[in-house]
Amino acid sequence: MGDSIEKVSIIISKGSLEGIYPGLIMANGARAEGIEANLFFTFFGMEAVLKKRQDHIKVATVGNPGMHMASVVGALPGMSAIATHMMESKMDKLDIPGIPEFVEMISDTGCGLYACLASVQLFGFTKDDFVEQVQDIITVGDFYAKAAGGEIIFT
Amino acid sequence: MTTQTLAGVDVELNEEGFLVKPEQWTEGMAVELARKEGIDPLTDRHWQVVRFMRDEYFAKGTGPTVRVLGKTSGVTVKELYELFPKGPAKIAARIAGIPKPKGCI
């Protein structure tokens, strides 16, 4: 068991549905395996933990070749909302939690949640803008200190 | 696959330490399996989860994930991790003598 992973620090930097879920799933899955985990939200990834935004995360329908939809079509009003609705109803059927519930659950597993200071300053947010599960707003230096001894995953 | 003696019975464990035949499991084995995980003694709360895992496995063919446990076992996610710090679904399944639950969430 000497080569097992003991600790992961996962950075979420994108604010789309498909940008946020993989990092949340990896953090939650790490804790389920007994692996220590931290989540860091930077730039638009902060949407996942902002009170006013976390329940309004959308799928990107423009510039997303995986959607197999021409970007001009994806840019039509309402397309992102339709794609998001379709994906959310599929997720609901598979019992995948919505982002607010998932963030709360991940916090309950003992995973650390942090927001990036540079991004917070850039967007003009304060600690009050974030959900209570966000423990702190930290610098990149603090991040490396917390990530020490583990794997770092950027999403 | 290894053969081990648990509570006086020779049983087979797979490479991840899960009982190969869940029907061989006894409560005495659970106590010994828990001790190997550093859980000693098994409290009533541990037993609630372990029994729930077995019931779900025999009813559905697979043990519940942490999320399902948190929603349906009567033990919150937070407490599940206090009871089984090394991964509630995985460790409780090992103690309950059932296969490792499948599922990403």
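Predicted model: local features only at pLDDT ≥ 70, side-chain atom pairs only at ≥ 80, totals over all residues.
Chain A holds an open sheet of five strands, arranged in the order 4-3-2-1-5 with parallel pairing. Strand 4 (136-138) and strand 5 (151-154) of chain A stand at the edges; each has a single partner strand, so one side of each is left without a neighbour in the sheet. From one strand to the next, the twist averages 25°.

Strands of a sheet pair through backbone hydrogen bonds, either parallel or antiparallel. In chain A, strand 1 (residues 7-12) and strand 5 pair in the parallel sense over four bridges. A:Ser9 stands opposite A:Ile152, which belongs to strand 5 of chain A.

Helix 6 (residues 140-147) of chain A lies across strands 1, 2, 3, 4 and 5 of that chain. The helix runs at about 150° to strand 1 of chain A.

Helix 4 (residues 99-108) of chain A has buried residues, among them A:Ile99, A:Phe102 and A:Met105. Their cover includes helix 1 (17-32), strand 2 and strand 3 (112-116) of chain A, together with helix 3 (66-72) and helix 4 (77-83) of chain B. After helix 4 of chain A comes A:Gly110, with a positive phi near 100°.

A:Thr61 is placed in the loop between strand 2 (36-41) and helix 2 (71-74) of chain A. With a relative accessible area of 4%, A:Thr61 counts as buried, because the cut-off is under 20%.

The side chain of A:Thr61 reaches the backbone oxygen of A:Gly74 at 3.0 Å. Beyond its neighbours within four places in sequence, A:Thr61 is in contact with residues including A:Met67, A:Met79 and A:Ala83.

Conventions:
Residues numbered from 1 in each chain as written. Chains lettered and ligands numbered in written order. Heavy atoms only, no water. Helix = DSSP H or I, 4+ residues; strand = E, 2+ residues; numbered from the N terminus. Buried < 20%, exposed > 50% of the residue type's maximum accessible area, 1.4 Å probe, protein only. Polar contact = N/O pair within 3.5 Å; in protein donor to acceptor, adjacent residues only side chain to side chain. Contact = heavy atoms within 4.5 Å. Pairing = 2+ DSSP bridges. Axes fitted to C-alpha atoms, helices over the stretch in contact; angles between N-to-C directions.
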